[in-house]
Amino acid sequence: MEPFTVHVGRAVPLRRTNVDTDQIIPVRFLTRSSIAGYGENLFNDWRDDPDFVLNDPRFTDASILVAGTDFGIGSSRESAVWALTGRGFKAVLSPRFGDIFYGNALSNGLLPVTVDEAATKALWELIERDPSLAVTIDLGAKQVRAASLAVPFEIDSHARWRLMHGLDDVSLTEHHTARIADYESRRRPTMPTTGRRREVS
Amino acid sequence: MTASAGPRTLADKVWDSHVVRQAESEPDLLYIDLHLLHELNTPVSFDLLRESGRTVRRPDLTLGTEDHNTPTKDITKVIEDHAARHQVELMRSNCEQFGIELHRLGDERQGIVHVIAPELGLAQPGMTIVCCDSHTTTQGAFGALAFGIGTSQVAHVLATQTLRMGRMKNMRVTVNGALPAGVSTKDLVLALIHEVGTAGGQGHVIEYCGSAIEGLSMEGRMTVCNMSVEAGARAGMVAPDETTFAYLKGRPHAPTGADWKVELAEWRTFRTDPGAVFDREVVFDASTLSPFVTWGTNPAQSVRLDGVVADPAELDDPAARQAARRALDYMGLAPGTAMRDIGVDAVFIGSCTNGRIEDLRAAAEVLDGRSVADGVEVVLVPGSESVRRQAMDEGLDRVFEKAGIQLRYPGCSMCAAVNEDRLRAGQRAASTNNRNFEGRQGKGSRTHVVSPAVAAASAVAGRLCSPEDLEA
Ligand code: SF4
C-alpha cells in the first residue's frame with residue numbers, strides 16, 4: 001500500500017446524503033474477478049444523468065470526493081472503494097460513513113475523512129465557486145485546507161499510523177502468529193468445524 | 001482495554017473471549033470461529049492470498065456456498081451470463097485449491113449463506129462469525145457476534161483466522177409487549193428502522209431483548225438481526241435461550257452426547273449481566289404495531305400500510321427533505337398517495353431476510369385457494385435447498401402452483417439481481433428482501449420492502465395490501 005501523508009488535489013461536490021454502496025457500484029458490475037476496472041462503473045447509473053456532478057468536465061480529474069452524510073452505507077462490497085480508487089480518488093469527505101465502507105477504505109489507502117455538516121457545506125460552496133481550487137488533506141496534521149478554510153478531523157491513531165507508513169494488516173498480524181497458535185490451543189475442541197458431518201435428516 | 005470485571009453485555013462477553021492480543025491504542029486482534037464465503041465478493045481475496053504466497057490457516061473453520069449468481073428456474077443448464085459463470089468457476093477452483101468445503105449449486109446443503117449456516121447448526125452461541133456480506137448480522141440471532149467484512153478483511157481472515165478490530169459500542173433495543181395477530185417480525189424490524197434511522201445503530205452492536213423478542217422463533221429472530229445492518233449497526237444479537245438450544249439440537253454440526261452438555265453449559269453463560277451499561281438504549285412497544293412497508297429508496301423511508309406516502313415538504317430536516325424528494329421522483333410516487341393504492345408489477349418472496357420455511361408458510365397461508373392477479377409476476381425463491389425440500393414435504397409447492405407460482409431453486413435471486421432474475425426499469429415490486437436502494441432489483445427497479453404475508457396478498461390483489469384486505 002502507498003503511504004498517505006499529504007494529498008493535494010481538486011475536489012468534487014456530491015450534494016447527496018445516504019449514498020449507499022449500490023449507487024457507488026451497482027451490484028450487476030460485481031461479477032468482475034479482479035480489483036482493476038471497477039473505476040469504469042463508478043456511480044454508473046447516476047452517470048446516465050447528464051447533470052450528474054461527475055459528468056461535469058470541470059471535475060473530471062478530481063481526486064477528493066466531498067459527500068453528504070451517511071456515505072457508503074449498505075452492502076459490504078469493497079468494490080465500492082475500488083471503484084473510487086480506480087477513478088483516481090484518494091480521499092472521501094463526509095459527516096458520517098457506513099462502518100464497513102470506512103474500514104474497507106482504510107484497507108485500500110483511500111482516506112475517509114469525517115468532517116461535520118457545516119464544514120461539508122462550506123467546502124461544497126468553495127469548490128462550486130472555483131472547481132480548480134486546490135484542496136489539501138494533511139493526515140499528519142489531521143486537517144483539511146482549502147482557500148482560507150482549515151478544518152480539523154479525527155482519525156483513529158493506529159489507523160493513521162498504518163496509513164502514513166503504508167502498512168498492510170496481514171503483515172502486522174503475522175508478528176503475532178505465536179499468540180494465535182496459543183489461542184487455538186485453548187479453544188474448546190467441542191466447537192464446530194465445517195467439514196462434512198452427519199447427513200441432513 | 002482489557003475485559004472489565006464489572007457487569008458485561010452479551011456482545012462484550014463474546015468479544016472478550018475471542019481476544020488474541022490487546023495493546024494500548026491498537027485495535028484488538030480477534031479470533032474468528034467461523035468464516036463463510038460466497039462467490040460474489042471473494043475472488044479478489046484469494047488473489048491477494050496467492051500474490052502474497054500465503055495460504056488458508058483454518059480451512060476447517062471456513063465454508064463456501066454458491067448463492068448470488070445461481071439460476072433459480074433451471075439448475076441443470078450452465079449459467080448463461082459469462083461473468084457470473086466465471087465467478088462460480090473461480091469459487092470452485094479456489095475452494096478446491098485451499099481445501100475449503102463448498103456447497104455447490106444442486107447440493108442438498110446449498111443456499112444463501114446466512115440461511116444455510118444456521119440450518120446446518122454452524123451458528124452457535126458465543127461464536128464469532130464473519131462473511132464477505134453485510135447481512136451476516138442474521139446469525140447474531142444465536143447469540144453469536146456475526147458481522148460483514150470487506151474483501152481485504154476476508155484475505156486477512158483466510159491467512160490468519162483473526163481480524164484486527166476496534167471494539168464495537170453497545171446498543172440495547174428492548175421490544176416490550178407481543179406482536180399482534182397478522183403482524184410479522186418483518187413489520188417489527190421495519191418499524192424499528194423507521195424509528196432509529198439508517199444510521200441509528202452506527203458503530204454499535206444491537207442486542208434485542210424484551211418479551212416480544214423472547215417470544216419469537218429462531219426464524220423470526222433471524223429476520224430481526226438480518227436487518228440490523230439497515231439500521232447502520234455492525235451486528236445484531238439475541239441472547240441464547242431454550243428456543244435457541246431447541247433449534248440447534250440435532251442439527252448436522254451441533255454437538256452431540258457429552259459434547260452437547262459441555263457446549264450447553266458454555267452457551268448459557270452468554271447473557272448480558274444485570275447492571276451492564278449500554279451506550280444507547282431504545283425501548284419499543286410491539287403491541288401497537290401493524291404491517292409496515294417502505295415507500296422510498298432507503299429502508300427507513302417507510303410507513304404503516306394504513307398510511308400514505310410521505311410529503312417531503314413536511315420534513316423539517318433539509319437533507320431528509322431533499323432525500324425524500326429524490327426518492328419519490330425515483331419511485332414515481334406522489335406525496336399523500338395511500339400505500340394501498342400503489343399497484344405492483346412484480347412480487348419477490350425470498351432472500352436471507354424472508355426465505356426461510358416460516359416465511360414460505362406465511363405466504364402459502366395467504367395464497368391458499370387464491371390466485372395471482374393478472375399481469376403480476378411472482379418470483380418465489382427459497383433461501384436454501386433444505387427449505388425448498390421442506391416446502392415440498394409440506395405440500396406448499398402445490399399451494400403455490402395452484403395460485404400460479406413456481407417454487408424455484410434456492411439463491412439470492414431478485415434480492416441482489418445479479419443472476420438472471422431482475423426487474424426491468426420502471427417495474428414496481430413488493431419484495432420481502434431488505435433493501436429498496438435505487439436499482440437494487442435491476443436498473444431502474446422500484447422496490448417496496450414488505451413482509452411475506454403482505455407480499456403474498458399484494459400478489460393476489462395486484463397492489464400493496466395485507467391479507468385482511470383480501471377477505472373484505
Ligand atoms: S439474499 Fe440478498 S441480502 Fe441476503 S445475502 Fe443474498 S443478496 Fe445479500
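Me: How many residues of helix 5 (residues 151-160) of chain B are buried?

Reply: This is a predicted model, in which local features need pLDDT of at least 70, side-chain atom pairs count only at pLDDT 80 or more, and totals for chains, interfaces and linings use all residues. Residues are numbered from 1 along each chain as its sequence is written, chains are lettered from A and ligands numbered from 1 in the order in which they are written, and side-chain values use heavy atoms, leaving out hydrogens and water. Buried means under 20% relative accessible area, exposed over 50%, and partly exposed in between (1.4 Å probe, protein chains only). Helices (H or I, at least four residues) and strands (E, at least two) are DSSP runs, numbered from the N terminus. In helix 5 of chain B, 10 of its 10 residues are buried, among them B:Gln153, B:His156 and B:Leu158. Just after this helix, B:Gln161 takes a positive phi of about 60°.

Me: How many aromatic pairs does the structure hold over all chains?

Reply: Rings of Phe, Tyr and Trp (its six-membered ring) pair if their centres lie within 6.5 Å; planes under 30 degrees apart count as stacked, over 60 as edge-to-face and the rest as tilted. The structure holds 13 such pairs over all chains. One of them, A:Phe71 with A:Phe101, is edge-to-face, at 5.3 Å centre to centre and 80° between the planes. This pair links distant parts of the chain, 30 residues apart: A:Phe71 is in strand 5 and A:Phe101 in helix 3 of chain A. A:Phe71 is buried at a relative accessible area of 0%, and A:Phe101 is buried at 3%. A stacked pair is formed by A:Tyr183 and B:Tyr31, at 4.9 Å centre to centre and 25° between the planes.

Me: Why does the pair of A:Tyr183 and B:Tyr31 join two chains?

Reply: A:Tyr183 lies in helix 7 of chain A and B:Tyr31 in strand 2 of chain B, so the pair joins two chains. Both residues are buried.

Me: Which residue lies over the face of A:Trp46?

Reply: A charge sits over a ring if NZ of Lys or CZ of Arg is within 6 Å of the ring centre and within 35 degrees of the ring normal. A:Arg16 lies over the face of A:Trp46, at 4.1 Å from the ring centre. In chain B, B:Arg251 lies over the face of B:Tyr247, at 3.8 Å from the ring centre.
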